Each structure stands twice: as structure tokens, then as C-alpha cells.
Amino acid sequence: MSYQSVMAVLAGIGATLLIAGLAFCLRPRWFFAWLKGTLALALLASGGYAVVVAAGLTQYQSLTGMRTVATVGVARLGPQLWQVTLETEAGKQGRYTLHGDQWQVDARIIHFGGPLTWMKVEPGYRLERLSGRYVSLEQERQATRSVVALNEAAWPDLWALDRQFNLPFVDGVYGNATFMPMADGALFDIRLSATGLAATPANTAAREAVQVWIH
């Protein structure tokens with residue numbers, strides 16, 4: 001089921017439950033006071049949670065199988081100074097200046113369980129940040145660092161909420177990143193599956209840089 005369909009279903013369920021919960025609160029003769037209060041709170045909580053999940057899905061892309069989600073191009077500007085171009089599969093492109101010897105891309109991945117699995121909701125992902133790395137540990141600690149956010153922070157963030165509150169039916173995967181050496185003219189593909197990120201060389205300059213790096 002597409003994220004658009006899931007968001008519509010969850011938003012509809014959430015709104016219905018919220019309205020039903022409010023109706024129970026406003027019509028005390030329908031239930032005994034205790035039953036009314038318990039059921040109303042359960043409906044309000046369920047409805048609110050469904051709406052939060054629906055809103056949170058707008059920040060993520062549906063992930064089905066292994067596929068290329070972005071490409072990274074590198075151009076030298078100076079010693080340990082690079083222009084890195086990142087283009088997502090949706091066509092969004094950005095150019096960034098990074099310091100260091102390697103580039104790194106971090107992503108957030110969320111998995112779903114319970115009723116969301118029954119609705120066949122695929123895992124979701126969001127590219128989080130692009131940063132430069134140094135090979136030297138001393139430089140990594142003391143030299144100029146460069147970190148670029150690839151997405152603006154927005155609420156609700158299902159990944160962050162799950163890390164903080166252990167949300168039901170949502171599982172945020174922690175520590176997903178991939179990195180590669182920087183070399184003038186190098187081009188890399190960033191591939192992603194439900195298990196994580198992987199970067200692969202996409203041209204000769206990138207392949208030669210990787211060969212030097214691993215040896």
C-alpha cells in the first residue's frame with residue numbers, strides 16, 4: 001500500500017476515533033461513568049496516535065527492495081576541500097563544500113509492525129545528513145568539520161519519537177550510514193534496502209579511489 005493511501009486511511013481512522021471519543025464524553029447517558037471515561041480515553045489515544053503516524057509518514061519515502069536513492073559527485077577545490085553534489089532519486093540536487101578525506105551520508109530508516117504490517121506498509125527512509133571525515137584521528141578531532149542537514153527538522157518525527165518513547169508498531173533503525181573516499185571527478189551511487197545504506201563506485205575515478213583506499 002502506498003504511503004499516500006496509508007496516510008489517508010490512518011488520518012480517517014484517527015479522525016473517526018477522536019470524534020467518537022469526544023461524543024462519548026459529551027453524552028454521559030450512553031455508558032456508566034467509568035466505562036465511558038476508559039473507552040473515551042482509549043479512543044482518543046488511538047485516534048491521536050493514528051494521526052501522528054499519518055503525519056510522520058509525510059517526512060519519509062517508501063522503501064521497497066534494494067534501490068539507488070541518491071548519487072554523489074565529488075570535485076576538488078583545494079587540499080582536503082571538496083565540492084560534493086548530492087542528487088536524490090526524486091531529482092532534488094544540492095551542492096555542498098566539505099572538508100576532509102571522505103564523505104559520509106546518514107539515513108533514518110523506520111520499520112512498522114502490528115496493524116501497519118497488516119496494511120502492508122513498507123519500511124520508510126529519510127536521508128538525514130552529509131558530512132566530511134578525516135583519515136587522521138588527530139584531524140578528525142581538531143580540524144575543521146563540515147556537516148550538512150539534508151532534511152529540515154519537523155514534528156512529528158517518528159524515528160526520533162520511537163528512540164525516545166519506544167512507540168508501538170514503529171521501529172526506528174539506529175546508526176545507518178555509509179562513507180567513501182573523496183577524489184576529483186568521482187561519482188558514487190547510494191543504494192538502500194530495509195537493512196541499511198551502501199555506497200558503490202559509479203565511474204572509473206571512484207573505482208580507482210576505492211582501490212587506493214582499501215589497499
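N166 sits in the loop between helix 5 (158-165) and strand 8 (170-181). Here helices (H or I, at least four residues) and strands (E, at least two) are DSSP runs, numbered from the N terminus. The model is predicted, so local features need pLDDT of at least 70, side-chain atom pairs count only at pLDDT 80 or more, and totals for chains, interfaces and linings use all residues. Residues are numbered from 1 along each chain as its sequence is written, and side-chain values use heavy atoms, with hydrogens and water left out.

Most residues other than glycine have a negative phi. N166 is not a glycine, yet its phi is positive, about 55 degrees. N166 is exposed, at 64% relative accessibility. Exposed means over 50% relative accessible area, buried under 20%, and partly exposed in between (1.4 Å probe, protein chains only). Q80 also has a positive phi, near 55 degrees. The residue lies in the loop between strand 2 (67-78) and strand 3 (81-88). Q80 is partly exposed, with a relative accessible area of 26%.

At the start of helix 5, a side-chain oxygen of D157 comes within 3.1 Å of the backbone nitrogen of W159. The buried residues of this helix are L158, W159, L161 and D162. They lie on the same side of helix 5, because they cover an arc of only 165 degrees around the axis. The arc is that of the directions from the helix axis to the C-beta atoms. In an α-helix there are 3.6 residues a turn, so residues three or four places apart point the same way.

The protein as a whole has six helices and 10 strands. Of its 215 residues, 40% are buried. Contacts (heavy atoms within 4.5 Å) were also counted. Among those with a separation of 6 or more, 60% join residues 24 or more positions apart. The accessible surface is about 11,800 Å², and 59% of that surface belongs to carbon and sulfur atoms. Accessible areas come from the Shrake-Rupley method with a 1.4 Å probe.

The largest pocket has a volume of about 390 Å³. Its lining has 19 residues, and T88, K92, L127, L150 and N151 are the closest to its centre. Strand 3, strand 4 (93-99) and strand 6 (124-133) each supply at least two lining residues. A pocket is an open set of points on a 1 Å grid where a 1.4 Å probe fits, with protein on both sides within 12 Å along at least five of seven lines; lining residues have an atom within 4 Å of a point. The volume is the space filled by probe spheres set on the points.

Definitions and conventions. A polar contact is a pair of N or O atoms within 3.5 Å; within protein, one must be able to donate a hydrogen and the other to accept it, and residues adjacent in sequence count only if both atoms are side-chain atoms.
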